[in-house]
Amino acid sequence: MIGSPLDLDAVTAFVRVAEFGSFTRAAEAMGTTQAAISLKLKRLEDRLGFRLVERTPRYVALSARGTTFLEHARELLAVHDRALSAFASARQRLAIGISDHVAGPELPALIARMNAQDPDLLIEIRIATSGDLLQRFDRRELDAVVVRLHVGRSDGKVLAEEKLGWFAAPNWQHRADEPLPIATLAEPCGVRALAAELLDAADVPWREIFVGGGVAAVAAAVMSGLGIAALAPRMLPFGAVDIGARLGLPELPQLPILLHTRIKEGRAHDALVALGAAFRGAVRS
């Protein structure tokens, strides 16, 4: 006897916990509370008759049987979505702009996960500067943008605050008789403007040694030893060193990551909630 059917909402909660490695992030992605996620998971475990997740004060990890069940859970949700989409209208389009200083190396996997979670949502991504994306958002070319705090804007929802640092390659040394070599994005870049303002206010001589077309190019310039850059730690490969304190450079502030959107409900809203939770997790990890 098979017994009662599985609760799809509980199965979804389990998959989100597995993907985020956090009850808090899973709750944010599903627009609910951590307590509600815990209750759903407990009921699912009771229904299955075994533990899916091992909880400790420091981390959340799948049990051996939870790892096995995860593949079946994803397959179950995918079949459910296909059954619904067979009778649904055309795919809904969601155009998202993400600042190059926000996107980060985890973006491809994140978008792939969002596409897999809702195949009927056509997600389009545009990467550019915060200023350019906000202009396109105001012209209604984009449904939502995830950007750094922009001067003159008071709208937007804060997703997270991220500390920036002055990063260099591990063996990089500054020549004391030369201006500080800076790798940066081209104007107009808010982080570039902030870094320049702080260096000028501290009377630190500097020059642009590399102007890249993207944060990945700037990070590559840093790791090749061309100079230093004001970046978030997650934007750089492992091994990059924050040398701000060693050189006596002005401290960089925490910069908010904000979501601007006109979408208030529906599957596109759910996707943006999951996107926000993922960025919070990336910044805090």
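Helices α1 and α3 are roughly perpendicular to each other, because they pack at an angle of about 110°, where angles of 65 to 115 degrees count as roughly perpendicular, those under 35 as roughly parallel, those over 145 as roughly antiparallel and the rest as oblique. Their axes lie 9 Å apart; axes are lines fitted to C-alpha atoms, for helices over the stretch in contact, and angles run from 0 to 180 degrees between N-to-C directions. Helices (H or I, at least four residues) and strands (E, at least two) are DSSP runs, numbered from the N terminus.

The model is predicted: local features need pLDDT of at least 70 and side-chain atom pairs count only at pLDDT 80 or more, whereas totals for chains, interfaces and linings use all residues. Residues are numbered from 1 along each chain as its sequence is written, and side-chain values use heavy atoms, with hydrogens and water left out.

Helix α1 passes α3 in a left-handed crossing, a term used if the near helix is turned anticlockwise from the far one by less than a right angle, and right-handed if clockwise. In this pair, D9, A10, V11, A13, F14 and V17 of α1 meet I37, K40, L41 and L44 of α3, where contact means heavy atoms within 4.5 Å. The contact of α1 with α3 holds 8 nonpolar, no polar and 2 charged residues. Here Ala, Val, Leu, Ile, Met, Phe, Trp, Tyr, Cys and Pro count as nonpolar, Asp, Glu, Lys and Arg as charged, and the others, Gly among them, as polar.

Helix α1 also packs against α2, at an angle of about 125° and with the axes 8 Å apart; the two are therefore oblique to each other. This crossing of α1 and α2 is right-handed. D9, T12, A13, R16, V17 and F20 of α1 make the contact with F23, R25, A26, A29 and M30 of α2. By class, these residues are 7 nonpolar, 1 polar and 3 charged.

The remaining pair joins helix α2 (residues 23–30) to helix α3 (residues 34–48), whose axes come within 8 Å and cross at roughly 100°. That angle makes α2 roughly perpendicular to α3. F23, T24, A26, A27 and M30 of α2 touch Q34, I37, S38 and L41 of α3, and the contact comprises 6 nonpolar, 3 polar and no charged residues.

Within helix α1 (residues 8–20) lies E19. Which residues does E19 contact, leaving aside its neighbours within four places in sequence? They are R74, R113 and Q117.

How confident is the prediction? The protein chain has a mean pLDDT of 83, and 93% of its residues reach 70 or more; pLDDT is the predictor's confidence in each residue, from 0 to 100. Among the elements of the chain, the lowest mean pLDDT, 74, belongs to helix α6 (residues 107–117), and the highest, 92, to strand β7 (residues 165–168). Where pLDDT is low, the predicted coordinates should not be read in detail.
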